Amino acid sequence: MLPPRGRPHLRRGRPGAQGRSLLWVAILFVSSPEAFKLSAVVNASGGPGRLTVRLRGGGNIISRIDLALRRAMDEAELEDTLTAKPSLGGDREDLRAVREQRMQRLAGGAGSPKTALRDAAPPLRRVDLKSHAYDYDMIVIGGGSGGLAAAKEAASLGARVAVCDFVSPTPMGTEWGLGGTCVNVGCIPKKLMHRAAQLKEALLDAEPYGWGLSSQPEHNWGRMVNSVQDHIASINFGYRSELRSANVTYLNALATFDDEHTVLLTDKKGTKTRATAACFLIAVGGRPKYPDIPGDRECCITSDDLFSLAKPPGRTLVVGASYVALECAGFLTALGYDTSVMMRSIPLRGFDQECAAKVVEHMEEHGTQFIRGCVPTKFERRPSGAVRVTWSKGGAEEGAEHDDFDTVLLAIGRYALTQQLNLEKVGVEVDKRSLKILNPADASATIGDTEQSTSPHIFAVGDVLEGRPELTPVAIKAGQRLAQRLFSTGAGRCMDYDSVATTVFTPIEYACVGWSEEEAEKQLGSDNLEVFHSRYTPLEWAPPSEQATELRAGRHAGSTCFAKVLVARNLDDRVVGIHLVGEHVGEIVQGFALAIKHKISKQDLDDVVGIHPTSAEVLTTLTVTKRSGVELKTAGC
Ligand SMILES: Cc1cc2nc3c(=O)[nH]c(=O)nc-3n(C[C@H](O)[C@H](O)[C@H](O)COP(=O)(O)OP(=O)(O)OC[C@H]3O[C@@H](n4cnc5c(N)ncnc54)[C@H](O)[C@@H]3O)c2cc1C
């Protein structure tokens, strides 16, 4: 609600207010367009005008406007703006003044947190590309998903941009090229290996469809790794040439801040140079954590090593219960390696736990072994080359067990690569626990929206930004939008971090958008939450395959595919979560993410006519609620 004294507020119906109101609404619309259903009619001839602002999703209009206004500017500037003579066309003086101030602030570096908030405002902000003497308008530190996207976007808007990217080798000596985690050691190789695993399933399915398989299919690890790495090399090459054609300078060096506008660059040979810029974007991502127990770095690999592993992994222990752990364990099992997962507590923390359990159940049915409630305490290399893993249950020394594995893959989480940036020197604060970059102090209303750090001319996107989903499309979109807000002459849009859809690429995939059931219950209370659910069997699984049934126990049990839709009864039956466990569900949920963004109701979902015969149609026919207690029967075609 409206803050006390001295804060901006909107007085409706006051004579002569329409010009100012139009300016306010313009600011609001570009800063939080998703929040407003807006129609502003002002009589251009100077006569009485009409202003209508409707809020999407309700809420208190005054407080929302007040919030958005304060997002856009600090109080002094707001007062100036409110008392400025309104103008309805051309390049308004008040807006031009704000633009000029912006560059001065960025070029000058220092600024109060309040100024920082003002700088973060999406509209009306623009870096003046000519008024400074730095080498670049922007230096991007980190050439991964977010950094490259921001650099190319900024360059396309006329900015002089450099990208520094440097990969420190893993303890096993693995290195890679330009493009960051996703391309080299993340989404891309992971999805290709998942595909290799799916192909085995498809081969097993082929026989009842009439395909004669003359011999048992055999998998060649080296052949797969070569194909994956060839593809990655082509992407690395493509990225370098894209940067060249976009006129972005690529600096293959480790960057660290030397002063507020200078980075020290150290290349592979240890040669040091310096570069300066008006503003900086930190997009350094993260790297896998090690548990810091004896033998971890000497004996274990991480996802940074797995996708280029020269020899087949053999008997493998995956430590961790993250999506990376389960995805890797899933494809390793399907490719024929004896694979175990050691997890301390729950799988897929933060995801819907009913769906997570189904993923694990399916993996177990397909041969992945789970060692639950255990943590490794040491790793030792055996004369045979195998790794001896000793572990304890629930942290107790007593009853420690051990076993030998050919490969141990650690997937216990990631840490942000901020420690080597010398951030203390430039006033950029990080969260003490996660080491991720924070927004200006006490900016709960704007946190993360602006990608601005506690130093006004230093921004951050991607995995390194505190409290945001660690996903490639998030890093890309945030980077592009930030670049637009910094360098475009027009208004820019803020990144919307809400309702980002995602998929866990385990053997049975799990895709979701919106809240998990646990989160929905926390937010709404169980009385207000209706859970619709169904089990289903894809038609493609129908022809019985003896070989498939034998080799993949449980595959045709019909219980593995699952749909769940969460509905807020107290919000006009709005759909607040969609969850699917099944085949290719990422492709399905991507489309439904749009529906969640547009705040559809369960009735809207029911009004959709399904496409038959598909798995996706299950979402249009959900009638059974959890509350009803009705036993689920497997739906199918
Ligand atoms: C195994 C795995 C699977 C994944 N699967 C998916 C998926 O299916 N879908 C999805 O959306 N996301 C997935 N992710 C997450 C995704 O990869 C990240 O969210 C994304 O790469 C983050 O991009 P970024 O730009 O923040 O950082 P990154 O892509 O990590 O890029 C940062 C770059 O900066 C470099 N760098 C760091 N410090 C410096 C410095 N001081 N100087 C110069 N350069 C520096 C790094 O070496 C790196 O090249 C996966 C991640 C992993 C590990």
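## Model and overall make-up

The model is predicted: local features need pLDDT of at least 70, side-chain atom pairs count only at pLDDT 80 or more, and totals for chains, interfaces and linings use all residues. Residue numbers start from 1 along each chain as its sequence is written.

The chain has 18 helices and 25 strands. Both are DSSP runs, numbered from the N terminus: helices are H or I with at least four residues, strands are E with at least two. Of the 637 residues, 42% count as buried. Buried means that 20 or more other C-beta atoms lie within 10 Å of the residue's own; 12 or fewer is exposed, and in between is partly exposed, with C-beta atoms placed from the backbone. Take the contacts between residues at least 6 apart in sequence: 69% of them join residues at least 24 apart. A contact here puts two C-beta atoms, placed from the backbone, within 7 Å.

## The ligand shell

How many residues surround the ligand? There are 35, and the closest are Gly142, Gly144, Gly180, Gly285 and Gly462. A residue is near a molecule or strand if its C-beta atom, placed from the backbone, lies within 6 Å of it.

Several elements each supply at least two shell residues: α6 (145-156), α7 (180-185), α8 (187-206), β6 (254-259) and α14 (472-487). By class, the shell has 17 nonpolar, 14 polar and 4 charged residues. Ala, Val, Leu, Ile, Met, Phe, Trp, Tyr, Cys and Pro count as nonpolar; Asp, Glu, Lys and Arg as charged; the others, Gly among them, as polar.

Strands pair if DSSP finds at least two bridges between them. Ala255 stands opposite Leu265 in β7.

Which side chains of β7 (residues 262-266) are buried? Val263 and Leu265 are; they point to one face.

Val263 has Ala275 of β8 as its bridge partner. The hairpin of β7 and β8 has 5 residues between the strands, and Gly270 takes a positive phi near 90° there.

β8 has parallel pairings too. Strand β3 (residues 136-141) runs parallel to β8 and is joined to it by 5 bridges. Ile139 stands opposite Phe280 in β8. β8 pairs with β19 (residues 458-460) in the parallel sense over 3 bridges. Here Leu281 stands opposite Phe459.

## Two open sheets

Five strands form an open parallel sheet in the order β10-β17-β11-β12-β13. β10 (301-302) and β13 (369-372) stand at the edges with a single partner strand each, so one side of each is left without a neighbour in the sheet. Within this sheet, β11 (residues 316-319) and β12 (residues 339-343) pair in the parallel sense over 4 bridges. Leu317 has Ser340 of β12 as its bridge partner.

The other open sheet has 3 strands, in the order β14-β15-β16, with antiparallel pairing. Its edges are β14 (374-381) and β16 (401-405); each has a single partner strand, so one side of each is left without a neighbour in the sheet. The twist averages 25° from one strand to the next. β15 (residues 387-393) pairs with β16 in the antiparallel sense over 5 bridges. The bridge partner of Arg388 is Asp404 in β16.

α12 lies across β11, β12 and β17 (407-410), running at about 165° to β12. Angles run from 0 to 180 degrees between N-to-C directions; axes are lines fitted to C-alpha atoms, for helices over the stretch in contact.

α12 (residues 323-334) also packs with α8 at an angle of about 35°, with the axes 8 Å apart. The crossing is left-handed: the near helix is turned anticlockwise from the far one by less than a right angle, whereas clockwise would be right-handed. Lys190, Met193, His194, Ala196, Ala197 and Lys200 make the contact from α8. From α12 come Glu327, Gly330, Phe331 and Ala334. These contact residues divide into 5 nonpolar, 2 polar and 3 charged.
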